[in-house]
Amino acid sequence: SLVWLADLATLAVSFALAFWLRFFHSPWPHRGITPLADTLLQAGMGVLIFSVVLRVHGLYGSDRTRSLAAEWLALFKAVAIGALILLAATYAVRDVRYSRASLLLFGALSFVDFGFVRSFVRIYVAHARRQGRNTTRVVVVGAGDLARRLVAELRVQPGLGMHVTGVLADDSARVGGSIDSVPIVGVFGDL
């Protein structure tokens, strides 16, 4: 998906920036720059591990109703777990120890970069949905006050991309009527 590709690019940029900051602009001393083969192995493991951890945390599924705060919290958890797994994997795979400071920078930069990239994607997608693109049609089950409020809420939040096309009622006598100009198209048994 497009988000996964954006995440791969984000990981690559975060890793390169962490490497550059640690070894070329860090006030802390280091024992020399890690060999290129070890650095590339570390980057490859990071991309693989973070991709799996982000997927496990549900960050690649379509969740139109997830708040931005909930997404940032899920990102924080996933990055923290991914960084710990990467640290453990790095020390298990090679005798040459990779810079812990560089790994810390990579984790922090990944979190910030993921947050900004995903916030930008969220803004872009919400804008596209308000324009009528990337929407999904929904049918509301129920024709009472709660259904009326749900229809009204989905109308005032077009960025969710949910277009109510019909309502199902519990009483067949209501079929043909409407709730806030949305037609009652059937009964529960029609499902």
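Trainee: Which strand is G186 in?
Mentor: G186 lies in β4, residues 182-187. Strands are DSSP runs of E with at least two residues, helices runs of H or I with at least four, numbered from the N terminus. This is a predicted model: local features need pLDDT of at least 70, side-chain atom pairs count only at pLDDT 80 or more, and totals for chains, interfaces and linings use all residues. Residues are numbered from 1 along each chain as its sequence is written, and side-chain values use heavy atoms, leaving out hydrogens and water.

Trainee: Is G186 buried or exposed?
Mentor: Buried, at a relative accessible area of 3%. The cut-offs are under 20% for buried and over 50% for exposed, with partly exposed in between (1.4 Å probe, protein chains only).

Trainee: What does G186 touch?
Mentor: V167, L168, A169 and V175, leaving aside residues up to four places away in sequence. Contact means heavy atoms within 4.5 Å.

Trainee: Other topic. How do β1 and β2 run?
Mentor: Parallel, with six bridges joining β1 (136-141) to β2 (162-169). Pairing takes at least two DSSP bridges between the strands. V141 stands opposite L168 in β2.

Trainee: And the largest nonpolar core, which residues touch the most other members?
Mentor: F50, L54, L86, F106 and F114, out of 24 residues. Such a core is a set of buried Ala, Val, Leu, Ile, Met, Phe, Trp, Tyr and Cys residues joined through side-chain atoms within 4.5 Å.

Trainee: Which helix gives the largest share?
Mentor: α3, with six residues of this core. Another core, of twelve residues, lies apart from it and includes V140, V151, V164 and V182.
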